[in-house]
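Have a look at it before reading on.

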Amino acid sequence: LTQSIIIVRKQRGLTQEQLGNLIGVKKSQICSIENCKGTLMLSIIMRIVKALNIEVILTSEGITIKSII
């Protein structure tokens with residue numbers, strides 16, 4: 001999931017700071033999320049998904065990320 005977030009964030013031309021500003025968190029929290037450090041809260045994931053305009057699909061095989069645009 002975190003690798004997909006990084007890829008899509010970069011595809012959208014956003015820095016960690018810009019994404020953080022969009023979802024109301026500090027750059028350091030985006031950095032922690034992308035580096036799998038700390039606790040990843042569902043509410044933060046949902047804000048990232050909305051900001052990046054992506055869809056996250058959870059199945060028994062794993063996680064799939066789809067771009068909505």
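Predicted model: local features only at pLDDT ≥ 70, side-chain atom pairs only at ≥ 80, totals over all residues.

1. Start with the overall layout. The protein chain has 4 helices and 2 strands, and along the sequence they come in the order α-α-α-α-β-β.

2. On overall dimensions, the C-alpha trace spans about 30 × 30 × 20 Å along its principal axes. The radius of gyration is 11 Å, which agrees with the value near 11 Å for a compact globule of 69 residues. Of the contacts with a separation of 6 or more, 44% are between residues 24 or more positions apart.

3. Now for the charged pair. Searching the whole structure turns up 1 salt bridge: the side chains of Arg9 and Glu34 meet at 2.6 Å, N to O. Arg9 sits in helix H1 (residues 2-11) and Glu34 in helix H3 (residues 27-34), so the pair links distant parts of the chain, 25 residues apart.

4. Are those two residues buried or exposed? Arg9 is buried, because its relative accessible area is 6%, and Glu34 also counts as buried at 6%. Across the protein chain, buried residues make up 29% of the 69.

5. Last, the surface. Its accessible area comes to about 4,700 Å², with 55% belonging to carbon and sulfur atoms. Leu1 lies in the segment before H1 and is partly exposed, at 31% relative accessible area.

Conventions:
Residues numbered from 1 in each chain as written. Heavy atoms only, no water. Salt bridge = Lys/Arg side-chain N within 4 Å of Asp/Glu carboxyl O. Buried < 20%, exposed > 50% of the residue type's maximum accessible area, 1.4 Å probe, protein only. Rg over C-alpha atoms; globule rule 2.2 N^0.38 Å. Contact = heavy atoms within 4.5 Å. Areas by Shrake-Rupley, 256 points an atom, 1.4 Å probe, with all protein chains shown as cover.
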